[in-house]
Amino acid sequence: MSIFKSHIRQMGAYKPPLEGRNPHHHLLLDFNERTLPVSKVIEDALVDYIRDGSLQTYPFYGDITAQLADYCGAKDEQVMITNGSDQGIDLIIRASCREGDEVIIPGPCFPMYNQCAMIENLSIIEPAYTRENGFPTEDVLAAINDKTRLIVIANPNNPSGTEVPREDILKIAAAAPDCTILVDECYFEYTKATVCDALDQYPNLTITRTFSKTWGLPSIRFGYVLSAAENIQALLNIRGPYDVNQLALVAARAALSHPEYTHEYVKEVMSVSKPIMEQWLDKHQITYWPSAANYLWLFPQNPELMFNELMAAHILVRPKDDSDGNKGLRITLGTQEQTERLIQVLERCL
Ligand SMILES: Cc1ncc(COP(=O)(O)O)c(C=O)c1O
């Protein structure tokens, strides 16, 4: 019997299906990652740092927040770096909520919000996204009450790819001035949609972002939070002084110094691969959710067969059921060549 809190003992761990994934053997379309390796500039920066003989020193972050602020169009004091955006989500929930508070987390969604809310023993209200109407703005507004402390808005959402209109985010922020609004902009570089420019006007807005997706650096765990300076000060009281490791910083700096490799990849995925895939799905009348991101959530008649055929062809995708129990697949889109390879296998399943 564990000595820990009973609600923690009763929870399950968040265990993404990582077993056996190998970028040298598989085309990885299962975690919404970048499907190409990062640029040589980043590799060289990491190797140079390791060879420089400084690994024995604690991390020192220097002016990275100023660089990120410049990239985002925010003020330096509105930025805090984190160990992936998962840490940002965790810190914002911990800083905002007390045991028993209510949080509104529309679903289906990325599991970390619920996981962090359960750790704090919060009461989770879960309005539903729909394929037809997208983000449940009216249901979220109707659910706000005296006990609500935090509202999650993933823009775009995972697994559905749903984009949330800017005016809806700001309407919710205005309707709940005493609640933290956690806007997850994990896929920002794909959508270019942000409420970063509204931070001065809405002190309850917090934004999480990451270098795990378009920048191609999930292995090094680097993210950041954008919010009003007072909120960043409070979050820094919780985040440890060395939670972000120095290699992550070296890689992120190198990435920011030449963002073209990200922009070119985004362009190919969004302007070439995604339209090809959508056209193929439309042609075969396969249902999918409208997506603003680099992935599509589809509901073919034979998802298991497709999953198995893809697996046999060394292509990994993610099975994801909707809330009615319909079996779907969430498929990340990569380059044109990778998308054509994907479609070739899917053709065989029709
Ligand atoms: C919507 C969303 N938010 C956050 C994350 C976590 O990102 P990170 O690797 O920065 O922790 C993911 C990862 O898949 C995601 O899909």
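Helices (H or I, at least four residues) and strands (E, at least two) are DSSP runs, numbered from the N terminus. Keep that in mind for the model above. It is a predicted model: local features need pLDDT of at least 70, side-chain atom pairs count only at pLDDT 80 or more, and totals for chains, interfaces and linings use all residues. Residues are numbered from 1 along each chain as its sequence is written, and side-chain values use heavy atoms, with hydrogens and water left out.

Start with the annotation. An unreviewed UniProt entry lists residues 55-346 as "domain: Aminotransferase class I/classII large". UniProt positions follow the numbering used here, feature names are shortened, and annotations may be inferred rather than shown by experiment. This span is 40% helix and 18% strand. Its end C-alpha atoms lie 47 Å apart.

The domain assignment gives domain 1 (6-38 + 260-347) and domain 2 (52-257). Such bounds come from an automatic or database domain assignment. The C-alpha centres of the two domains lie 24 Å apart.

How do the two domains meet? In domain 1, 29 residues are in contact (heavy atoms within 4.5 Å) with 32 residues of domain 2. Together the domains bury about 2600 Å², 63% of it on carbon and sulfur atoms. Buried area is the accessible area (1.4 Å probe) that two parts lose on being put together, summed over both. Y14, W289 and Y295 supply 23% of the area that domain 1 buries against domain 2, more than any other three residues.

Which elements of domain 1 touch domain 2? α1 (6-10), α11 (260-283), β9 (287-288) and β10 (295-299) each supply at least two residues of that side. The largest share, six residues, comes from α11. By class, this side of domain 1 has 18 nonpolar, seven polar and four charged residues. Here Ala, Val, Leu, Ile, Met, Phe, Trp, Tyr, Cys and Pro count as nonpolar, Asp, Glu, Lys and Arg as charged, and the others, Gly among them, as polar.

Finally, look at the backbone. Most residues other than glycine have a negative phi, and most peptide bonds are trans. The peptide bond from N155 to P156 is cis, with omega near 0°. The bond from N158 to P159 is cis too, with omega near 15°. P156 sits in the loop between β5 (148-154) and α7 (166-175), and P159 is found in the loop between β5 and α7 as well. N32 is not a glycine, yet has a positive phi of about 55°. N32 lies in the loop between β1 (27-28) and α2 (40-51).
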